[in-house]
Protein chains: 6
Amino acid sequence: MEKPGEDRPTALDLGPQAELDAASSAYFDKCLEKLGFVPNVLRAYAFDAAKLKAFIDMVDNLMLADSGLTKLEREMIAVAVSAVNHCHYCLTAHGAAVRQRAGDPLMGELIAQNYRAANLPRRQKAMLDFAVKLTEAPDKIEEADREALRMAGFSDRDIWDIAAVAGFFNMSNRIAAATEMRPNADYHFLARDKQG
Amino acid sequence: MEKPGEDRPTALDLGPQAELDAASSAYFDKCLEKLGFVPNVLRAYAFDAAKLKAFIDMVDNLMLADSGLTKLEREMIAVAVSAVNHCHYCLTAHGAAVRQRAGDPLMGELIAQNYRAANLPRRQKAMLDFAVKLTEAPDKIEEADREALRMAGFSDRDIWDIAAVAGFFNMSNRIAAATEMRPNADYHFLARDKQG
Amino acid sequence: MEKPGEDRPTALDLGPQAELDAASSAYFDKCLEKLGFVPNVLRAYAFDAAKLKAFIDMVDNLMLADSGLTKLEREMIAVAVSAVNHCHYCLTAHGAAVRQRAGDPLMGELIAQNYRAANLPRRQKAMLDFAVKLTEAPDKIEEADREALRMAGFSDRDIWDIAAVAGFFNMSNRIAAATEMRPNADYHFLARDKQG
Amino acid sequence: MEKPGEDRPTALDLGPQAELDAASSAYFDKCLEKLGFVPNVLRAYAFDAAKLKAFIDMVDNLMLADSGLTKLEREMIAVAVSAVNHCHYCLTAHGAAVRQRAGDPLMGELIAQNYRAANLPRRQKAMLDFAVKLTEAPDKIEEADREALRMAGFSDRDIWDIAAVAGFFNMSNRIAAATEMRPNADYHFLARDKQG
Amino acid sequence: MEKPGEDRPTALDLGPQAELDAASSAYFDKCLEKLGFVPNVLRAYAFDAAKLKAFIDMVDNLMLADSGLTKLEREMIAVAVSAVNHCHYCLTAHGAAVRQRAGDPLMGELIAQNYRAANLPRRQKAMLDFAVKLTEAPDKIEEADREALRMAGFSDRDIWDIAAVAGFFNMSNRIAAATEMRPNADYHFLARDKQG
Amino acid sequence: MEKPGEDRPTALDLGPQAELDAASSAYFDKCLEKLGFVPNVLRAYAFDAAKLKAFIDMVDNLMLADSGLTKLEREMIAVAVSAVNHCHYCLTAHGAAVRQRAGDPLMGELIAQNYRAANLPRRQKAMLDFAVKLTEAPDKIEEADREALRMAGFSDRDIWDIAAVAGFFNMSNRIAAATEMRPNADYHFLARDKQG
């Protein structure tokens, strides 16, 4: 197991970890307990307690709050967007999450490599088509694109969530790329067993 | 002046405004007082109090907290990124912010149209070159790109802030595009006077 | 008001203004009378009387001669094409023209930022879709694209005019970019009033 | 030999040829005498005498007037730009012109296929590098690009001419694509002999 | 006529020609007899007998073995793919092959410049649309693309052959580009006569 | 373990496996012995014995014959090219090969996600920069690109091999995409152990 603080999580020298507030400390503890490590993206943000807190609040709400999208679907969007952007950090961390949530060691690879090869159900295919177009050519989204999501069974609130998750990883991918953020090595080994 | 709630801020039907917590209500009041209106992006998020709060916390920290970047520089990044993504909402709202903060009614237009035509000082040119490359081809950022920022006088913490602001508007641009977010008309008229 | 000759209209040193023929001189006078200044694109061309005359003859015919397209529609094409090419000069000069001809201070901004956000009537949406595809991927235009214009009510002569205006601004945008052509500052302040 | 008027020069039905003024008639006669045919681009424009005249005046000035660029160099720009845009009409017509002016039946092919394979002298390589960047990404031209032309021996007036010719064919390529303009078949057979 | 060995077929110094096995020697002889020269791509590979043999075996099977595609159709794919990749070598060599096999001196040019301008029968248009999409965006091929080929009359084995030929020239184009492979000059003069 | 023939290796119905010649049969047996399965790409080609043999001969020579590139380096090129093309089949099969040959369960992931994040030695970074440029923009390769490889220690014969391997996977990626080739599931589980 990797020890937090052992090496720098990015190519930037951002100074020491800030004194964390109680909520962030508890969040770090929960990560250690559940994953065995603190994700490097959190360690990277930890040079500034306010930035860390804002990041945790947003990502937690997006990925875990009530939504018409399942948690697996939100992780699939994360990975499909990160594949377009070739983001090493997010493909590693969220690829593991897809493997875990899908209970399928191949699904994360499939989405990370090319979701079009995954023979997804129509609903998830439409969801990722939208997320990928939004990533590649946001200026070309039109009402017809939203209408295609509605035809696939999504409500307008679901469309907001698809947009918000796809948007968020277009942010995270870029912060990771700009700073050369390095994923915790442990992610590579999660949920790789054939039994899922 | 536009009245909040008069018309929907996006193409989505997201239901009524949630009951806002005290902090968000105060934030809306401050907008009304300072701008004369509540920015539509906040009205759009207001269907869900937790999402609204997370958004306000992040954007406020990014654009207003202490940083090696001036507030004008952060708005310039917002506009240069939004120009690449052809984001109607952000070009309108943050174009106005650049005009205001620069005290120059032409500067917002210049950055929104093509920052390369603005004959910017080397520091700001390097900053926007990085932000635009990060927007167009995040997978191609390398150590040489960070080094170019350091050579232009930026610290590693400044690089984080450039990345974080550029990343954030890559998120916001996409949420605005996905939902057809409409800027408040008042933005168009702000800070247009020749005297600045 | 800016005085002609006060500063160079491009980054190139093209020598002094040529002796203009009577028609071009009259044209410059008309600009001064109607706009209060000579557009910098004309000042840029004025180093060579024959080039200036050929440019004026073409642009005048394209934008003002009888056509199935209104003058506003031709300006909208100019701005939509210039938005793809991020042309500072043409977005400024023709953005002002759209504001003026539309009697709407927001319309120029909308087209300059992203015409897809403007909720245009079907006819104008089809016209700009064609002009933008012709700008981005001229090799991919096929009979189906012309047929879409005919279905939106355009005649074959109208299609010629759409092509000719879109083509022309693909030329002008590039000459402006190659020479760093600077728009007259006055354009920024034209037709900005709320009343239109 | 092809007879003028035998078949339509584009996919558009633009009506009958207009009554040409004396200058345009003389120009058509000169083409017939020198080439044995009237180029279809002129036949296409001939539905409107004013548009035809403006086109002839501009193209004639660009390609034949005094310039620091040789006539062959201007044709090379025409072909290199048309190669980027995959323009059937201009590659055929101006490919023939390069073969003729170069006295080299292979040169036209080389530029039409990929000028980088032509082992051109530094001056012409720099000229086409600029013209092609201006075609592909006009918004990314910067002072360094102009400076590279100056280092290769071009004056500022030469830079104007490079820009003007490259710009013009970005217009012509698009008008040809939009209208499916068909080159006269005779162009294919011009200047194909091994002796040049 | 060009003499084999007179000059290097690429920009690389790959050493002397290997001792060829009997099959490759016979193949070279057949080229000399039929074409009057050994294609430079074979001369380039000849530094290594095993690589040369593998290349000949594959290209010969692809272009000449029994197939639901005619030999002309396979050459058309070669040229359409090479046009996307702007490959000087393959456009020259296979452009000549299209002229010869089509018995039409213009057809090679048309496909090399822009196959969309060729008014091809539906079958061949569908075939080249697939080959070009596969070249430009292989990751975006979906079942609908295969289905379009089936609707145009192609069997699944034909689809394999379209893919294999398009794939092969995406390889060859890149080897030619990487090594600056130079086509034999004689190709330029083949099948240029008006009579075809 | 997967049984050969259990399910179709592509989306195409290519008929039954052809009668294999002795060499191909032996090759299949060797795969079964070493890997425990016959790679689906071979099963896909097996509908035609001649095509299968030509494919095996070429890929075997490229990946296993003597070369200035190590076998690992050739697999790294395969994966970096396949990452650009988002090829599910090749990323899976050759990602496993990189993990095995590198004795490093993370290396395959790194190259498949973004080789720029791998902090490779200068030699391998230069090699993959060339392979990726050749994949993305083959028409833009120039002598300077070859020179960069020479400066990083590669001979002209090594450059041929880099080009040939990169070219080959641009072919394979496209055949896999065109046919929806499915990797054997076993690849996912190879060489995943932390110990390498």
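This is a predicted model: local features need pLDDT of at least 70, side-chain atom pairs count only at pLDDT 80 or more; totals for chains, interfaces and linings use all residues.
Residues are numbered from 1 along each chain as its sequence is written, chains are lettered from A and ligands numbered from 1 in the order in which they are written, and side-chain values use heavy atoms, with hydrogens and water left out.

I begin with symmetry. Two copies of a chain are related by a rotation about an axis and a shift along it.

Staying with chain B, Ser82(B) is placed in helix α4 (residues 71-84). Helices are DSSP runs of H or I with at least four residues, numbered from the N terminus. With 0% relative accessibility, Ser82(B) counts as buried; buried means under 20% relative accessible area, exposed over 50%, and partly exposed in between, with a 1.4 Å probe and protein chains only. Its C-alpha atom is separated by 9.2 Å from that of Ala166(B), 84 residues apart along the chain.

I turn to charge pairs. Side chains of opposite charge can pair when their charged atoms come close. A salt bridge is a side-chain nitrogen of Lys or Arg within 4 Å of a carboxyl oxygen of Asp or Glu. How many salt bridges does a search of the whole structure find over all chains? The search finds 96.

One of them pairs Asp48(C) with Arg157(D), with 3.9 Å between the closest N and O atoms. Asp48(C) sits in the loop between α2 (40-45) and α3 (49-64) of chain C and Arg157(D) in helix α9 (residues 156-179) of chain D, so this pair joins two chains. Asp48(C) is buried at 18% relative accessible area, whereas Arg157(D) is partly exposed at 38%.

Within chain C, Lys133(C) and Asp145(C) form a salt bridge whose closest N and O atoms are 3.0 Å apart. This pair links distant parts of the chain, with Lys133(C) in helix α7 (residues 122-136) and Asp145(C) in helix α8 (residues 143-151), twelve residues apart. Lys133(C) counts as partly exposed at 28% relative accessibility, and Asp145(C) as buried at 18%.

Chains E and F also supply a pair: Arg157(F) forms a salt bridge with Asp48(E), the closest N and O atoms being 3.9 Å apart. Arg157(F) lies in helix α9 (residues 156-179) of chain F and Asp48(E) in the loop between α2 (40-45) and α3 (49-64) of chain E, so two chains are joined. Arg157(F) is partly exposed at 37%, and Asp48(E) is buried at 17%.

Finally, the backbone. Ala191(A), in the segment after α9 (156-179) of chain A, has a phi near 55°, a positive value in a residue other than glycine. Ala191(A) is partly exposed, with a relative accessible area of 23%.
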